[in-house]
Protein chains: 2
Amino acid sequence: MDPSCSCELCELKELFVDKLTGDHLDIVCSGKVEKDFRQGEIIIKEGTNIREFTYLKSGLVKLFRSDNTGKEQIISIAKPMDYVSLLSVFSDKQYNYSVTALEDSVTCSLNLEDIKSIINENGTLALNLLSKMSRVTDKLILDSLDIRVKHLRGRVAYLLIYFSEDVYSSLEFDLPLTRKEMAEYVGMTTENVIRTLSEFRKDGILKIYGKTIHIANMESLQSIAEFG
Amino acid sequence: MDPSCSCELCELKELFVDKLTGDHLDIVCSGKVEKDFRQGEIIIKEGTNIREFTYLKSGLVKLFRSDNTGKEQIISIAKPMDYVSLLSVFSDKQYNYSVTALEDSVTCSLNLEDIKSIINENGTLALNLLSKMSRVTDKLILDSLDIRVKHLRGRVAYLLIYFSEDVYSSLEFDLPLTRKEMAEYVGMTTENVIRTLSEFRKDGILKIYGKTIHIANMESLQSIAEFG
DNA sequence: CGCGGCTTTGATGTTCATCAAGTAAAGTGG
DNA sequence: CCACTTTACTTGATGAACATCAAAGCCGCG
């Protein structure tokens, strides 16, 4: 293996690079493009052509789409190793959603045609991708179904637990979303996100300092997320 | 190609069988199991192990899951050529949803381990599956997002148009779902499904004879589905 | 028949969005 | 660094959308 290829150090290695050999590895390694994004910057814009296979190396991003009236709906929050361009990549010509950076982020892009032709010749890689993709979309679908049946309190609780456990691994963290974005994610209004947070604060479940959230009673929060 | 293999006649041929050769074809053809189901019968039960790759040859089925209180939520309606066991197959050990027949149906099942090992050696098939899977799950995700932002009238209109255009290709058809199931699909109550249907009838958009629906004004219905 | 499931309609109450108004925080230009 | 503007956040009041509860008609089936 080419020791000069910095993919050696990438966390995606085990999923991707380890399955490649010789020419394929060269194609991927030499064709890759790393990009830095500052918080708030647009990574992918709805309607543009899909030419690359992009994934997130570090940071945090949101996937969202705009409806006919211009209102935004957040589809998903993705952290490193959740592919960014997994949705649509193999089914569509154009992105039907946008991606922006919630925190400073680094992406790595590979030429999609290259990837496709490599998959064509490498079944193991393909099976890996199928499995990875299946996991990601399954979670997305189940989450979306979950959100639909929950009341507002349950939705907000759900979101806070997600950040606490899956993203920051801490009971105290800075919310990477505005109140408005939280609303766009779980399908409610900004006002009611705020009201629900205030209720949680009054009930002693949360301590809130602007964007900083401290979960004081995780058990209550979890039971609200489940049954609320 | 073995002329005795009835897969020759299957509609799935172009997606699947055409990509296979020699031994692989034999494995798939000889290992396949066709099953008949009567309306209402259970095809797949939530929680059982995934051992087969199952798809629908004819009929109509519903995918649904049961929440902790026993209430059912319909995830999707699938017609022939929409894979039945696409969700979860490559990511999970067990089904996290059930499938039952809405109309008399015929399925064909292949051994999942066989399929996986074939994919492992056949990148073209894998790429096809990736693409097919991507289309199916993308649609599921976008539909779920759509439903979340629509009002009740919009959701019911949406469902009626789906049956009229995608399933029965006719302005008049028999609803394969009970009112209760319609409610479970679009996330509302049975009473409000009925009320909404009655409103559409009073507005001259529908004619309703029990389970038989005649769409009298498709344009109105479409505009309700889009903006309601 | 009569029982049980599906359907329908009406009355009532709750949840949530909308509207309005005000405070705090964060940029922006002089 | 301070006035100024803009954007985010917060709270209360009101009304609309929707769920829940209750009751009755319909229809197939034993």
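**Helix against helix**

Guide: In α3(A), the residues Gly123(A), Ala126(A), Leu127(A), Leu129(A), Leu130(A), Met133(A), Thr137(A), Leu140(A), Ile141(A), Ser144(A), Leu145(A) and Arg148(A) meet Gly123(B), Ala126(B), Leu127(B), Leu129(B), Leu130(B), Met133(B), Thr137(B), Leu140(B), Ile141(B), Ser144(B), Leu145(B) and Arg148(B) in α3(B). Keep in mind that this is a predicted model.

Visitor: What classes do the residues of that contact fall into?
Guide: The contact of α3(A) with α3(B) has 16 nonpolar, 6 polar and 2 charged residues.

Visitor: Now the two chains as a whole. How many residues are in contact?
Guide: 32 residues of chain A are in contact with 32 residues of chain B.

Visitor: Which elements of chain A supply residues to the side that touches chain B?
Guide: β5 (72-78), α2 (112-121) and α3 of chain A each supply at least two residues. The largest share is from α3(A), with 18 residues. By class, this side of chain A has 14 nonpolar, 12 polar and 6 charged residues.

Visitor: Changing topic: DNA. Which residues are closest to DNA strand D?
Guide: The closest are Thr178(A), Arg179(A), Ser198(A), His151(B) and Asn192(B), and 17 residues surround DNA strand D. The largest share of the surface near DNA strand D comes from α6(A), with 6 residues. That surface has 5 nonpolar, 6 polar and 6 charged residues.

Visitor: Which residues are closest to DNA strand C?
Guide: His151(A), Met188(A), Thr178(B), Arg179(B) and Ser198(B) are the closest, and 17 residues surround DNA strand C. Here α6(B) gives the most to the surface, with 6 residues. By class, the surface near DNA strand C has 5 nonpolar, 7 polar and 5 charged residues.

Visitor: What about sheets? In what order do the strands of the open sheet in chain A come?
Guide: The order is β1-β7-β3 in chain A, with 3 strands and antiparallel pairing. β1 and β3 of chain A stand at the edges with a single partner strand each, so one side of each has no neighbour in the sheet. On average, neighbouring strands of this sheet are turned by 25° against each other, direction ignored.

Visitor: Which helix packs on that sheet?
Guide: α2(A) does, touching β3 and β7 of chain A. The direction of α2(A) makes about 60° with that of β7(A).

Visitor: How many bridges join β1 of chain A to β7 of chain A?
Guide: 5 bridges join strand β1 (residues 33-37) to strand β7 (residues 105-111) in chain A. Phe37(A) stands opposite Ser105(A), and Lys35(A) stands opposite Thr107(A).

Visitor: Over to chain B. How do β4 and β5 pair there?
Guide: Strand β4 (residues 61-66) and strand β5 (residues 72-78) of chain B pair in the antiparallel sense over 6 bridges. Leu63(B) stands opposite Ser76(B) in β5(B). The hairpin of β4(B) and β5(B) has 5 residues between the strands, and Gly70(B) takes a positive phi near 95° there. β4(B) is also joined to strand β6 (residues 98-101) of chain B by 4 bridges, running antiparallel.

Visitor: Where does Ser88(B) lie?
Guide: Ser88(B) lies in the loop between β5 and β6 of chain B. Ser88(B) has a positive phi of about 75° and is not a glycine either.

Visitor: Why does Ser88(B) count as partly exposed?
Guide: Because Ser88(B) has 18 C-beta neighbours inside 10 Å, while buried would take 20 or more. Met81(A) is partly exposed as well, with 14 other C-beta atoms within 10 Å.

Methods:
Residues are numbered from 1 along each chain as its sequence is written. Chains are lettered from A and ligands numbered from 1 in the order in which they are written. This is a predicted model: local features need pLDDT of at least 70, side-chain atom pairs count only at pLDDT 80 or more; totals for chains, interfaces and linings use all residues. Two residues are in contact if their C-beta atoms, placed from the backbone, lie within 7 Å. Ala, Val, Leu, Ile, Met, Phe, Trp, Tyr, Cys and Pro count as nonpolar, Asp, Glu, Lys and Arg as charged, and the others, Gly among them, as polar. Two strands pair if DSSP finds at least two bridges between them. A residue is near a molecule or strand if its C-beta atom, placed from the backbone, lies within 6 Å of it. A residue is buried if 20 or more other C-beta atoms lie within 10 Å of its own, exposed if 12 or fewer, and partly exposed in between; C-beta atoms are placed from the backbone. Axes are lines fitted to C-alpha atoms, for helices over the stretch in contact, and angles run from 0 to 180 degrees between N-to-C directions.
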